[in-house]
Amino acid sequence: MSMTLEQSEQRKAWGFVAPALAWTLAFFVVPFLFMVAMSLWSRQSGAIVRAWNLDNYLAFFEKAALFKGLVNSLEITLIVTVLSVVLAYPLAWIIAERVPKRFQRMALIMAVLPFWTSYVVRSYSWLLVLSKNGVVNQTLMTVGLVGEPLELASNRTATVIGFTHFFVMLLTLTIYANLIQLSPNYRRAAADLGANAFETFWHVIVPLTLPGIMTGAFLTFVLCIGDYVTPQILGGNNELVLPQIIMLQLGRRADFPMAAALSIILMLAVTLAYVLCARWLKIERA
Amino acid sequence: MLRNVLISTASWVYATLIFGFIFLPVAVLVLFSFQDGRLPVPPFNGFSTQWYTAVFADRKLMAALLNSFVVALFSSLIACLLGFLAAYALARHKLPGSALQRGLLIAPMTVSYLIIALGLLTVLNAFGIPLSLSTVGIGHVVINLPLCFAIIYSSMGDHHVNIERAARDLGASDIKVMVLVTAPMLMPSILAAFFLSVTFSWDEFIIAFLLSRFDVTLPVEIWSLLRSGLNPKTNAIGSLVFQVSVAVLMLLEFTLFRKTGKS
């Protein structure tokens, strides 16, 4: 035997890791690189021309309709992220602090139960609530608050509500997980030093749970900015977000190069958010 | 004392409001799936199971349901198997560039499903590979493999190493150690990874939408139902999926996680 034991061990290990690596390379890395290449090609009179240029990226900055998509995406995502954190934090706090220990797990499961509705159906069910003849309008009209049904669906507010509904549940989980890890000694120490309940909460508890908040907020950002379903169902066709514009390129126009370029831009936005987030967390910890 | 009462009251009010917000759409969805009439909005005309009957009589929906099940099962099995093998190799052997390999395996987690789907679609088009349930399955393995790998890898603590070494000293081959020693020890996290993958695949829309053609999965079929606007049949299939998910979740909660939670 020319191979040492160590070499044969290593060879076996390569055999175990190879299938997963091959799958990731073949069906993730290669397609991704192909998409990058595609974004530098263009579509002319129905055919894809493999001539390298930056036209698609330039068009993104020149055509207002495309650029507005990114602006809409960023605006909606920021509103949703902030709103979800603000709504989820008190709920997580209540479950962690005010609910008796043995009921906490149940309370948490209940708080995220609608998480398990099908993703497409979840947005649809908000239509039942918000549409012209939906629950809210009918209730308002029965009570007599409004005479005419309000236009609650098919706009940005509906999209924000649909998203916030989903991410409040997600953030409640991440923030709760952070809150229950805090030692009660922090609160005792703060109280000993003369802080009242609010001061303790604001100056001690909130800063200590920032990592949990940021993790959840980043997750919200990534999932929200990349989502096509919720804005498509709830937003009507007003104020399109970037994923909707990407899908438009695929559907009617079959403009794969443009769709690829817009996807890369979407990805860069997410990467930028990640870098800012990671950096900010590092500064906070230092 | 007074302040405590105030905080308690405020907490209750807030919790009630936010639970109301969280449950409102689901409650409306389920309630109006029993609507005796053509519109799933108030007023509630009376209790009827006609829409559930309609769902079960709908060939396309039932086919999509089966497709979803098959795709979820197979893609999760593959993702778990590949994830487990990779985790075993990277946790138990010293391989060059292991940090890079781990990073590569996790990478798809950081990319939007839309982008993963689009990349695969462009490549499949370029090679002239027709879209089918298999291509959907390939996409679902891509998104679930990082998850399975991460979950199983993080549970491969050093405390298991000695048991595996003992098995090897007694003459067991690598495969035998994996199947008879490592896998059973890690069964809770393998099962967690598997069921998580199943739920992700089961509910995934955009990859299934872009990478399928004639045979579609349930979310894609529901998507095409949405074109008919508000329809109690959509409520019925939505409620069914929700009830099944909750049942599975409860089953896991009271069997799998109850046990591991204490260990």
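What pLDDT does chain A average, and what share of the residues score at least 70? The average is 87, and 98% of the residues in chain A score at least 70. The model is predicted, so start the tour by colouring both chains by confidence.

**Confidence**

Stay on chain A and select strand β2 (residues 47-49), which has the lowest mean pLDDT among the elements of that chain, 78. Then select helix α11 (residues 229-234) of chain A, where the mean is the highest, 94. Switch to chain B, which averages a pLDDT of 88, with 97% of the residues scoring at least 70. Its lowest mean, 78, is in α12(B), and its highest, 95, is in helix α10 (residues 206-210) of chain B. For the model as a whole, the scores are ipTM 0.87 and pTM 0.88. Where pLDDT is low, the predicted coordinates should not be read in detail.

**The contact between the chains**

Show both chains and select the residues that touch across them: 62 residues come from chain A and 65 residues from chain B. On the chain B side, the elements giving two or more residues are α1 (2-31), α3 (59-92), α4 (98-106), α5 (113-126), α6 (133-155), α11 (218-225) and α12 (232-262). Highlight α1(B), which supplies the largest share of that side, 13 residues. Colouring the chain B side by residue class gives 51 nonpolar, 11 polar and 3 charged residues.

**A crossing of two helices**

To see the residues at the crossing, select Phe27(A), Phe28(A), Val30(A), Pro31(A), Phe32(A), Phe34(A), Met35(A) and Met38(A) on the α1(A) side. Facing them in α5(B) are Ile116(B), Leu118(B), Gly119(B), Leu120(B), Thr122(B), Val123(B) and Ala126(B). By class, this contact has 13 nonpolar residues, 2 polar and no charged.

**The nonpolar core**

Now select the largest nonpolar core, which holds 150 residues. Which residues touch the most other members? They are Leu262(A), Ala86(B), Ile116(B), Ala117(B), Leu145(B) and Ile152(B). The element giving the most to this core is α3(B), with 16 residues.

Centre the view on Leu145(B). Apart from neighbours within four places in sequence, Leu145(B) is in contact with Ala20(A), Trp23(A) and Thr24(A) from chain A, and with Ala79(B), Leu82(B), Gly83(B) and Leu105(B) from chain B.

**Ile265(A)**

Move to helix α13 (residues 256-285) of chain A and pick Ile265(A). Is Ile265(A) buried or exposed? It counts as buried, with 21 C-beta neighbours inside 10 Å, where the cut-off is 20 or more. Leaving aside neighbours within four places in sequence, Ile265(A) is in contact with Phe60(A) and Leu70(A). A distance drawn from Ile265(A) to Lys282(A), 17 residues apart in sequence, reads 26 Å, C-alpha to C-alpha.

**The loop between α6 and α7 of chain A**

Select the loop between α6 (135-143) and α7 (156-179) of chain A, and find Ser154(A) in it. Ser154(A) has a positive phi of about 60° although it is not a glycine. With 18 other C-beta atoms within 10 Å, Ser154(A) is partly exposed.

Pro149(A) lies in the loop between α6 and α7 as well. Pro149(A) is partly exposed, with 15 other C-beta atoms within 10 Å. Beyond residues up to four places away in sequence, Pro149(A) touches Lys132(A), Asn133(A), Asn137(A) and Met141(A). Its C-alpha atom is separated by 9.1 Å from that of Val136(A), 13 residues apart along the chain.

**Two last stops in chain A**

Go to the loop between α11 and α12 (242-251) of chain A and select Glu239(A). Phi here is near 45°, a positive value in a residue other than glycine. Glu239(A) is partly exposed, with 18 other C-beta atoms within 10 Å.

Finish in helix α8 (residues 184-192) of chain A at Asn185(A). Asn185(A) has 9 other C-beta atoms within 10 Å and is exposed; the cut-off is 12 or fewer. Draw a line from Asn185(A) back to Phe34(A): the two are 151 residues apart in sequence and 54 Å apart in space, C-alpha to C-alpha. Phe34(A) is one of the α1(A) residues that meet α5(B).

Note on methods. Residues are numbered from 1 along each chain as its sequence is written. Chains are lettered from A and ligands numbered from 1 in the order in which they are written. This is a predicted model: local features need pLDDT of at least 70, side-chain atom pairs count only at pLDDT 80 or more; totals for chains, interfaces and linings use all residues. Two residues are in contact if their C-beta atoms, placed from the backbone, lie within 7 Å. Helices (H or I, at least four residues) and strands (E, at least two) are DSSP runs, numbered from the N terminus. Ala, Val, Leu, Ile, Met, Phe, Trp, Tyr, Cys and Pro count as nonpolar, Asp, Glu, Lys and Arg as charged, and the others, Gly among them, as polar. pLDDT is the predictor's confidence in each residue, from 0 to 100. A nonpolar core is a set of buried Ala, Val, Leu, Ile, Met, Phe, Trp, Tyr and Cys residues joined through C-beta atoms within 7 Å.
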